[in-house]
Amino acid sequence: MDIRRLLLFLVVSFGFVLIWQNLVVDKLRQPVPQKVVEIEPGDDENTREVDTQAAESADNQNPVVAAEIAEAEEADDLNGTRTNGPVLHERRQIVLGSLEPRGAYAIEAVFSTEGGSVTSVRLADPKMKDLTNRSEQVQVVGNGAAGGNTFSTSLDVIDRQLDEWGMRLETVDWKVADQQADSVVFAYVAPDRSVEIRKTYRIQPLPTDLFVNTDQLRTDPAAYTIRCELAIRNLSRTSQEVQYEILGPCGVILENEEHTRKYRDIKLEFIDNGSSAQLSAADVQSIWEEQRLRYPQRTRHQISEMVREGEHKWIEPVRYAGVDVQFFAALIALMDDRPPAEQASDQWIDRIWPVLLQESKTATLADITFRMASRPRTLKPNSLVTHEFAVFVGPKQGTLLDPAPFRAEKVLDYGTYFGFIARGMHSVLSFLYGIHLPYWLAIISLTVMVRCCLFPLSRKQALSAARMKELQPKINELKLKYGEDKEKMAKAQMELWRKHNINPLGGCLPLFFQLPVFIGLYTCLNTAVDLRLSSFLWIDNLAAPDALFRMPFSLPLLGRDFNVLPCINVVLFLVQQKLFMPPPTDEQQELQHKMMNVMTIFFAVMFWHVPAGLCIYFVASSLWSIGERKLLGSDVLAKKDVAAEVTEGNNSGKSSGRSERKRQPVSADADTDRPQGFLERLMAAAEQAKNQAEQKRPTGNGKKTGKRGKRDRRR
C-alpha cells in the first residue's frame, strides 16, 4: 500500500514538473536583449556574454520612493514591455501645431519617442513654400537622412546602464507621459529605477483675435519658439552626480545649393562681452576628417568625444547657439532669468562642440550641428533639477530674432561695419512693401531714393572728371616736356592741379562715401527673406538668380542656369563706359580701358549667382545714372563750372580773371563733338527764341523806323 502511494506521488510530481516547464515557464519567460559589441579590426570575433543580472532590489532603495517606483513600474507594464533590463516602449510620433494658412499656429512640429526628440518643423506662413515642391510648406529642420534628431538627450547615469544592452538614451523610445493640445511630455526611467528624466515640449498658439491675419505669424517671435523643460530626478536613496548632453538642430534646410552664397554655419553668442563665434560646414568636416585620419578605427561617437575634449570647443557662457543658412535659422537659447553676471559665473552649460552629421564630397554642403554638455551636478535623494530652453525655428527677420531670450542680431548677417545701413534699408524695403508695393517695385523705389540722396556726390564726381578732362591737353604737354623723369613730372602735375584748384582725389572720394551704401544695400537685398518666392515677369523667386532656362551643359564657375539679368547689367556697364569715359590719348589710358573691360566681364561672373532682386537694383541704378548724365548733358558741368575755374586759375587778379573769362572760349571740341543734353537743348532753344524776339522788336520812332524799313526793302 505504501509502495502504491509512493509510485502515485512520483508520477504526479513528475507530471506536474513537465506541465510547469512546458506550459507555464515558457509563457512567463521574456527574451533578454543581447548586448551589441562593435568589433574593431584585430579584436577576437567571438561573441561576449551578456550580463543579465537583475536591477537593484527595492530593499536597497529609499522607502519614501518605493511607492513612486511601484507606480512607475505599473505604468511601464501598461505602456511598454518589461524585461530584466530596460523598458521597451512603442515608437510613436506626436504632432503639435498646424499648417493651416489662417490657423492658430505658425509652425507644425513633429516629435518622436526616439530620444524624446524633435524630428521636423515646418512653417505655416503661406509665403514659406518649399522651393522644389511649391505645393508643400518649407521644412526648416529634419531634412537630414541620418545622424540624429533635434534636441535628443543623453544622461550619463542612464547611458552607462543601457550600454550593457547596446542601447543609448538618444536612440531608445521614451514613454509619452502626457499629451495636450499644445504640449507633450516624454519620460524615461533608468533600468535600475534610480533616475528619471522628463522633457516637456510646448508651443504657443496665437490669440484668437490675431491668427486670422497671416502677417501676425511673421512678426510674433513666440509663434516660432518651442519651449522645452528638461527635468532630472533622483529616485534612489543615495546622492548621484548627473550630466546630460543635448544634440542641436539637425537637418537644417539648404536651399538653392548651386547659387547660394551662404551654407550651413554654427553660430554662438556669448554673455560675457557680447562676442560671437562662427564655424562653417567646411571647417567642421575638416575637423572630423583630421580626427578620422589620425584614428581610423574610431566610431562616430568616439570621434565626437575626442572633439569634445580637443581644442575645437567653446567653454564660454553662451546666450544661444544654433545653425543658420541664408534665410532660415534654428537656435537654442537658455531660459535663465538671472542677471547676466550670475549666468556667466554659474551657467549650467559646460561646453559646446561641433558635430558632423553627414559628410559631403563638397565640404560646404555637409550637414552639421553641435552638442552641448551640462556641468556635472550632484542630486540628493529625491531631489529634482530643472532647466528650460527655447528652440527657435523660423525665418531670419529682425522682428523675430531681436527680442529676448535670443537677441540674435548677429544671425541676420548684416555685417560688422555697415550693418546699421543694411538694417535701415531693410526697414525701408519692408515699409514700401507694407504700403502694398510689390517687391520688384519696392526695390526700384529704394534705388531711386538712394540715388537721389547720393546725387550731390555723383555731381561732384562728374565735375571732378570734367575738370580733369579740361586739363588733359596740358598734362600731355608736361609728359612731352619731362619725358621719362617721373619725379619732375609728378611735381609739375601736382603744381598744375594746385594752380587750378583741383583735388586729384576729388573723383575718388565720392566713391568711398558711396561704398558703405553699396555694401549695405548689397547685404540687405542678399539676406532679405521677404524676396523669397516673390515674382516679377519671368522670375518666380527674387531671392535667387532669374534662371530663364536650364542649359544642357554646365559652364565653369557659372553652372547650368542661364541668367538674363547679369547680361543686361554688363551691357549697361559697357554703355556707361562708352558714353562717359573720354577716349584714350596715350598707352596708359588705353591700358586702363582694357582693364575696365576685363573688370566688366568679371562683374558678369560675380553677378551670375546673386539674387535677381539685387540685379534689378543694379539695372535700375545704371539706367538712373545714364539718364542723370544725359539729362544734365555730358559737359554741361564743364561748360559753366570747369571753364570758369580753369581760366580763373590762369589769372592772378580779379579784373584780369573777369576779362579772361570773357575772352577765353570754352573747349570747342567738347561743344562740337558731344551730343547735347535735354536741359542744354532746352536752354539753346530759349536763347534762340530770345534772339528772334529782339530782332523783331521796334526801336526809336515808329514812323522813321517804318520808312527806313521801306527803303531797306526797296534796296
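Buried means under 20% relative accessible area, and exposed means over 50%, with partly exposed in between. Keep that in mind for the close-ups below, which all come from a predicted model.

**View 1. Arginine R308 meets glutamate E309.** The closest N and O atoms of this salt bridge are 2.6 Å apart. R308 has a relative accessible area of 8%, so this residue counts as buried. E309 has a relative accessible area of 47% and is therefore partly exposed.

**View 2. R308 also reaches E245.** Here the two side chains form a salt bridge with an N to O distance of 3.4 Å. This pair ties together distant parts of the chain, 63 residues apart: R308 belongs to helix α6 (residues 300-309) and E245 to strand β13 (residues 244-247). Both R308 and E245 are buried.

**View 3. K396 and D324 join across the chain.** Their side chains meet in a salt bridge at 3.0 Å, N to O. K396 sits in the loop between β21 (384-395) and α8 (398-401), while D324 lies in strand β16 (residues 318-324), and the two are 72 residues apart. K396 and D324 are both buried.

**View 4. The β22 and β23 hairpin.** Strand β22 (residues 549-555) pairs with strand β23 (residues 559-562) in the antiparallel sense, over three bridges. Look for F549, whose bridge partner in β23 is F562. Three residues lie between the strands of this hairpin, and L557 in the turn has a positive phi of about 70°.

Methods: Residues are numbered from 1 along each chain as its sequence is written. This is a predicted model: local features need pLDDT of at least 70, side-chain atom pairs count only at pLDDT 80 or more; totals for chains, interfaces and linings use all residues. Side-chain values use heavy atoms; hydrogens and water are left out. Two strands pair if DSSP finds at least two bridges between them. Helices (H or I, at least four residues) and strands (E, at least two) are DSSP runs, numbered from the N terminus. A salt bridge is a side-chain nitrogen of Lys or Arg within 4 Å of a carboxyl oxygen of Asp or Glu. Buried means under 20% relative accessible area, exposed over 50%, partly exposed in between (1.4 Å probe, protein chains only).
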